[in-house]
Amino acid sequence: MRAFLKDNGLSVGFGLLFLATLVGQAISGHGSVNHDQLLHHGDPISLGHYVSSALFWADVMENWQSEYLQFTLYIFATIYLIQKGSNESKKPGDAGRESDEEQLVGAHAQADSPRWAQLGDLRTTIYSNSLLLVMTSIWIASWLAQSITGRIAYNADQLGHQSAPVSWLSYITTADFWNRTLQNWQSEFLAVGSMVILSVYLRQRGSPESKPVGAAHGATATEG
Amino acid sequence: MRGTRTMFIIYLAGIAGGLTYAIGVGLVGH
């Protein structure tokens with residue numbers, strides 16, 4: 001168990017943080033919804049009802065999709081774009097998909113390379129893009145889930161105010177859908193841009209997200 | 001690498017489960 005935690009501290013730690021904050025979101029979201037119910041002279045709903053409602057899941061999904069979009073775009077953009085001096089970037093001149101030799105695929109694979117990296121056929125092409133493929137799929141699926149659950153929550157509000165419910169196609173053109181979407185995207189893009197440019201001049205000793213403290217500001221992609 | 005593959009599978013399964021449940025909730029119209 002100790003060896004397991006030592007080897008997997010990051011994934012275990014963030015997994016537990018995720019679960020704890022999801023529970024926190026459920027409890028506070030439930031309180032917020034019932035406060036609103038009281039204001040509108042409605043009946044309070046149970047916590048169980050709330051966590052299985054579109055209201056809760058629309059909030060969860062709108063945050064998921066923006067996070068996965070952030071990482072998806074970052075993985076893609078860093079193939080081709082460079083930020084001189086940033087640890088988050090490849091070195092100037094390394095932009096692009098790089099050679100098979102550099103990427104250790106096909107004939108250049110090593111004995112311990114993953115099997116699909118060694119094959120040199122379509123499977124190698126798929127495996128070469130598997131991280132971006134999976135992250136993109138999760139982004140699309142969570143954005144779709146946001147739109148489907150967001151529509152139900154939106155329609156509940158519409159009905160509560162004697163207005164007509166909308167179809168899914170109508171919902172994805174509403175200000176509600178785009179407000180939920182863009183308010184999350186803007187913060188993600190700012191955070192990524194900040195991380196890229198702040199890491200040129202600022203340091204965190206011991207973190208692989210930072211250059212070594214004594215590395216020159218102009219040094220790009222130096223492992224911490 | 002002890003347990004690392006297990007963590008990989010737990011994450012993927014958890015994400016897939018969450019997405020499926022959310023889409024289900026939206027489709028059922030709860």
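1. The largest nonpolar core holds 23 residues, and those with the most contacts inside it are Ala54(A), Trp57(A), Met61(A) and Ala22(B). At least two residues of this core come from each of α4 and α8 of chain A and α1 of chain B. A nonpolar core here is a set of buried Ala, Val, Leu, Ile, Met, Phe, Trp, Tyr and Cys residues joined through C-beta atoms within 7 Å. Buried means 20 or more other C-beta atoms within 10 Å of the residue's own, exposed means 12 or fewer, partly exposed lies in between, and C-beta atoms are placed from the backbone.

2. Please keep in mind that this is a predicted model: local features need pLDDT of at least 70, side-chain atom pairs count only at pLDDT 80 or more, and totals for chains, interfaces and linings use all residues. Residues are numbered from 1 along each chain as its sequence is written, while chains are lettered from A and ligands numbered from 1 in the order in which they are written.

3. Of the 30 residues in chain B, 13% are buried.

4. Between the chains, 20 residues of chain A are in contact with 15 residues of chain B (C-beta atoms, placed from the backbone, within 7 Å). On the chain A side, the largest share, eight residues, comes from α8(A). The chain A side divides into 13 nonpolar, six polar and one charged; Ala, Val, Leu, Ile, Met, Phe, Trp, Tyr, Cys and Pro count as nonpolar, Asp, Glu, Lys and Arg as charged, and the others, Gly among them, as polar.

5. Have a look at how α8 (residues 130-160) of chain A packs on α1 (residues 4-28) of chain B: the angle is about 30 degrees and the axes are 8 Å apart. The pair therefore counts as roughly parallel, a term for angles under 35 degrees. Among the residues that meet are Ile138(A), Leu144(A) and Ile148(A) in α8(A), and Ile15(B), Leu19(B) and Ala22(B) in α1(B). By class, this contact has twelve nonpolar, three polar and no charged residues.

6. Two backbone spots are worth a glance. His41(A), in the loop between α2 and α3 of chain A, has a positive phi near 60 degrees without being a glycine. His41(A) is exposed, with 6 other C-beta atoms within 10 Å. Gln162(A), also not a glycine, has a positive phi of about 55 degrees.

Conventions. Axes fitted to C-alpha atoms, helices over the stretch in contact; angles between N-to-C directions. Helix = DSSP H or I, 4+ residues; strand = E, 2+ residues; numbered from the N terminus. Parallel < 35°, antiparallel > 145°, perpendicular 65-115°, else oblique. Contact = placed C-beta atoms within 7 Å.
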